[in-house]
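Good morning, colleagues. Please look at the structure on the screen.

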Amino acid sequence: MGDRFLVTGGARLEGAVRVSGAKNSVLKLMAAALLAEGTTTLTNCPLIDDVPLMVDVLVGLGCQVENNGDIVRITTPAELSSHADFDAVRQFRASVCVLGPLTARCHHAVVALPGGDAIGSRPLDMHQAGLESMGATTRIEHGCVVAEAEQLHGADIRLDFPSVGATENIITAAVLAEGVTTLDNAAREPEIVDLCNMLNEMGAKIEGAGTSVIRVTGVSKLNPTTHEVVGDRIVAGTWAFAAAMTGGDITVAGIRPKFLHLALQKLRAAGAEVETYDNGFRVRMEGRPQAVDYQTLPFPGFPTDLQPLAIGLSAVSDGLSVLTENVFEARFRFVDEMVRLGADASIDGHHVYIRGKEKLSSAPVWSSDIRAGAGLVLAALCAEPGDVTEVHKVYHIDRGYPGFVETLNQLGATVERVKADD
């Protein structure tokens with residue numbers, strides 16, 4: 001059954017938290033270290049379960065890795081293995097980000113098709129098409145994506161959708177390709193900018209990061225570097241929504257508020273008082289939140305990763321909220337678990353309609369992905385005082401939130417982790 005959380009309802013969260021590096025950045029930066037022989041050092045790394053999994057992936061490819069708290073040192077050899085076909089790769093989606101670096105460095109890559117969160121179909125067709133535009137041949141074979149190229153070359157590539165993963169794999173392949181690669185309709189997320197900043201520190205020539213058109217001029221060699229991982233905007237956004245859901249007052253440090261501009265605007269519309277600083281923000285909510293509508297979109301739109309938190313807030317807001325999911329078609333599968341907690345929610349295609357209640361109720365619930373798990377825990381805090389909710393499959397939460405239980409309890413919640421063997 002795995003570990004589970006016991007969450008006591010009736011909590012009001014108050015205090016200060018500092019977010020560490022972004023899960024959606026650190027794993028891609030670790031993969032980018034494959035592009036340069038020598039030791040690359042990453043600081044401000046989050047203490048989450050996905051980092052040791054990525055360590056296993058890199059070690060399997062021939063790297064030596066020191067994982068010391070928030071510092072990860074990756075020593076990449078001159079000769080890498082090009083086969084990433086082992087259990088660690090299959091356990092989480094981000095492992096596919098080794099495809100671009102391996103194709104660029106080794107001219108050959110075999111990467112097991114990845115697992116991860118159950119939030120919908122995430123095919124690799126745009127990853128493959130991008131590499132093929134640069135001269136690679138690709139295929140799916142025996143549960144792996146295989147890419148081969150004697151020498152990658154620059155190309156003009158346009159993505160059908162601003163996929164973060166495809167943008168990352170194309171960039172990390174293009175940095176060592178011959179000539180210039182122009183990527184149109186590229187993802188604009190802060191984590192893409194963080195990756196491009198690190199690659200430029202390593203000697204790459206990348207322009208346009210953070211815009212929809214990225215231009216990469218290939219170089220013959222990259223060098224290792226030391227780089228600080230950008231703060232985690234999704235963890236920061238989770239604590240922002242936690243303050244609003246529980247009528248609380250939380251100050252969050254370690255994140256640039258502009259990365260959450262639309263999310264913080266939505267909280268203001270719900271009645272929260274939001275103050276922003278250079279490297280953080282404060283969210284206070286007095287009284288019951290007001291219903292707000294949401295639609296998820298690629299950055300700078302409302303993040304799909306905050307959608308479960310928006311549903312949690314809507315479940316205790318005054319009025320009817322409509323949330324439209326435009327990124328992952330299966331992301332609503334956790335809504336049935338919210339209904340177990342008393343949420344008045346119904347799904348219609350890629351919309352969910354939520355009529356808020358003053359209080360939710362306790363029930364056993366199961367996490368289906370990282371953000372759904374966090375949303376269920378916060379919703380459980382909004383149950384009647386003293387009600388205890390069991391949240392199962394919390395390994396999902398451990399993959400994305402460092403010290404989640406400890407932080408909640410520090411902010412005034414009562415949450416207990418029960419080990420599987422107990």
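Are W239 and F404 buried or exposed? Both W239 and F404 are buried, where buried means under 20% relative accessible area, exposed over 50%, and partly exposed in between, with a 1.4 Å probe and protein chains only.

Residues are numbered from 1 along each chain as its sequence is written, and side-chain values use heavy atoms, with hydrogens and water left out.

As to confidence, pLDDT is the predictor's confidence in each residue, from 0 to 100. The protein chain has a mean pLDDT of 94, with 97% of its residues at 70 or more. Over residues 116-121, however, pLDDT stays under 50, and the model has 22 contacts there beyond four places in sequence; contact means heavy atoms within 4.5 Å. Where pLDDT is low, the predicted coordinates should not be read in detail.

Let me return to the rings. The structure holds four aromatic pairs; rings of Phe, Tyr and Trp (its six-membered ring) pair if their centres lie within 6.5 Å, and planes under 30 degrees apart count as stacked, over 60 as edge-to-face and the rest as tilted. One of the pairs is that of W239 and F404, tilted, at 5.5 Å centre to centre and 35° between the planes. This pair links distant parts of the chain, 165 residues apart: W239 belongs to helix α8 (residues 233-245) and F404 to helix α14 (residues 404-410). Helices (H or I, at least four residues) and strands (E, at least two) are DSSP runs, numbered from the N terminus. Together with Y401, W239 and F404 form one aromatic cluster.

Why is the pair of Y294 and F302 tilted? The ring centres of Y294 and F302 are 5.1 Å apart and their planes stand at 55°, so this pair is tilted. Y294 counts as buried at 3% relative accessibility, and F302 is buried at 1%. The charged end of K266 sits over the ring of Y294, 5.6 Å from its centre; the criterion is NZ of Lys or CZ of Arg within 6 Å of the ring centre and within 35 degrees of the ring normal.

L199 touches, among others beyond four places in sequence, A32, L35, V175 and L222.

Four strands form an open sheet in the order β22-β23-β1-β24, with mixed pairing; two strands pair if DSSP finds at least two bridges between them. Strands β22 (365-366) and β24 (415-418) stand at the edges with a single partner strand each, so one side of each has no neighbour in the sheet. β22 and strand β23 (residues 388-392) run parallel and are joined by two bridges. W366 stands opposite H392 in β23.

Definitions and conventions. Predicted model: local features only at pLDDT ≥ 70, side-chain atom pairs only at ≥ 80, totals over all residues.
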